[in-house]
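Reader: I am new to this structure and would like to go through it step by step. Could you show it to me before I start asking?

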Amino acid sequence: MKTILITGCNRGIGFGLVKHLCENYGQMENIFATCRNPQNAQELTSLAQNNSNVKILKTDLNNSEDISNLAKTVTDILGTRGLDVLVNNAGISSKFTRLPMVKEKDLTDHFRVNVIAPILLAKHLIPVLKNGKNEGESSGIIVNISSVLGSIQENTTGGYYPYRTSKAAINAATRSMSLDLREHKIVAVALHPGWIKTDMGGKQAPFTVEEASGNLINFIRNISMEHNGLFLTHEGKQLPW
Ligand SMILES: NC(=O)c1ccc[n+]([C@@H]2O[C@H](COP(=O)([O-])OP(=O)(O)OC[C@H]3O[C@@H](n4cnc5c(N)ncnc54)[C@H](OP(=O)(O)O)[C@@H]3O)[C@@H](O)[C@H]2O)c1
């Protein structure tokens, strides 16, 4: 793995992944890190200033033109080199909601960021993912950051309509990607990153961003064709759909 694109890198897990790669993987050729407002992303900007392989790409995933521009920029820079890993990490989660409290806008916002954006980005990046290189036989890897809350079988407490349904939908999309792109040896996995101390995960979460980032990068580096189309934890445990 030498070229990677990660969405949502100004804070949380996305920032942790970029930082971990900078500190531990000097051989990375390109780390494309998207964020909505680079001018407010001091820590990320400072990482990019100190690591010439980090390129910050301003992208609002609510905007489909931004998504296609992002893919074009990455494709132009990489040329035939290829993209080894796409991490669709950016996501949103509103608070716990019972059915009477569900708002239409909340549902559509979640679907736009958590489902539509990752699907469009994967679609636009197929040509460079085809040229990616990873463990074993596989070319590019698509990691859709999902959540155990998207598991229908594991849902025993209800609520969270926008988040649960959007993560179940990205899981369904991951499975389709794994089948549609198999002929190009592109691998697609839905990955539950664990419960992590971020703005979304909250202070009670057991893992720090630093711990989780190391675990996630270790796992991503070892993804191969045998993981294609699975819903997994960072420990490689298979989760029920
Ligand atoms: N933390 C956990 O315990 C946990 C557990 C399971 C799954 N996950 C998943 O892990 C991923 C990362 O979560 P996190 O905990 O790091 O969350 P976070 O701290 O809330 O960070 C979310 C990231 O997504 C970005 N983002 C949101 N909407 C965006 C948009 N329209 N365009 C571009 N970027 C946007 C945010 O950018 P802005 O700052 O601009 O909003 C931010 O960089 C998510 O997919 C989440 O569902 C997290």
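Predicted model: local features only at pLDDT ≥ 70, side-chain atom pairs only at ≥ 80, totals over all residues.

Reader: How many residues of the shell around the ligand are nonpolar, how many are charged and how many are polar?

Author: The shell around the ligand is made of 29 residues. Divided by class, these residues include 11 that are nonpolar and four that are charged, while the number of polar ones is 14.

Reader: Are H1 and H6 roughly parallel or roughly perpendicular to each other?

Author: Two packed helices are described by the angle between their axes and the distance between the axes. For H1 and H6, the axes come within 8 Å and cross at roughly 65 degrees. Angles of 65 to 115 degrees count as roughly perpendicular, so the arrangement of H1 relative to H6 is roughly perpendicular.

Reader: Which residues of H6 take part in the contact with H1, and what is the handedness of the crossing?

Author: On the side of H1, the contact is made by Gly12, Ile13, Gly16, Leu17, Lys19, His20 and Leu21, and these meet Val209, Glu210, Ala212, Ser213, Gly214, Leu216 and Ile217 in H6. Sorted by class, the contact of H1 with H6 has seven nonpolar, five polar and two charged residues. As for the handedness, H1 passes H6 in a crossing that is right-handed.

Reader: How are H1 and H2 oriented, roughly parallel or roughly perpendicular?

Author: Helix H2 covers residues 42-50, and its axis lies 11 Å from that of H1, with an angle of about 25 degrees between the two. Angles under 35 degrees count as roughly parallel, and H1 and H2 are therefore roughly parallel.

Reader: Which residues form the contact between H1 and H2, and is the crossing left-handed or right-handed?

Author: The crossing of H1 and H2 is left-handed. H1 supplies Phe15, Val18, Lys19 and Cys22 to the contact, while H2 supplies Glu43, Leu44 and Leu47. By class, the contact of H1 with H2 has five nonpolar residues, no polar ones and, to complete the list, two charged ones.

Reader: At what angle do H3 and H4 cross, and how many nonpolar residues does their contact have?

Author: The axes of H3, residues 64-78, and H4, residues 104-130, come within 9 Å and cross at roughly 25 degrees. That angle makes H3 roughly parallel to H4, and H3 passes H4 in a right-handed crossing. The contact of H3 with H4 has no charged residues and four polar ones, and the number of nonpolar residues is 10.

Reader: Is leucine 216 buried or exposed, and which residues is it in contact with beyond its neighbours within four places in sequence?

Author: Leucine 216 has its place in helix H6, residues 209-221. Because 24 C-beta neighbours lie inside 10 Å, leucine 216 counts as buried. Leaving aside its neighbours within four places in sequence, leucine 216 is in contact with Leu17, Pro193 and His234.

Reader: What is the phi of tyrosine 160, and is this residue buried or exposed?

Author: Most residues other than glycine have a negative phi. Tyrosine 160, found in the loop between strand S5 (141-145) and helix H5 (161-180), has a positive phi, near 50 degrees. With 22 C-beta neighbours inside 10 Å, tyrosine 160 counts as buried.

Reader: Where does lysine 185 lie, and what is its phi?

Author: Lysine 185 is placed in the loop between H5 and strand S6 (187-192). Its 19 C-beta neighbours inside 10 Å mean that lysine 185 counts as partly exposed. Although lysine 185 is not a glycine, its phi is positive, at about 65 degrees.

Methods. Residues numbered from 1 in each chain as written. Axes fitted to C-alpha atoms, helices over the stretch in contact; angles between N-to-C directions. Helix = DSSP H or I, 4+ residues; strand = E, 2+ residues; numbered from the N terminus. Parallel < 35°, antiparallel > 145°, perpendicular 65-115°, else oblique. Left-handed = near helix turned anticlockwise from the far one by under 90°. Nonpolar A, V, L, I, M, F, W, Y, C, P; charged D, E, K, R; others polar. Near = placed C-beta within 6 Å. Contact = placed C-beta atoms within 7 Å. Buried ≥ 20, exposed ≤ 12 C-beta atoms within 10 Å, placed from the backbone.
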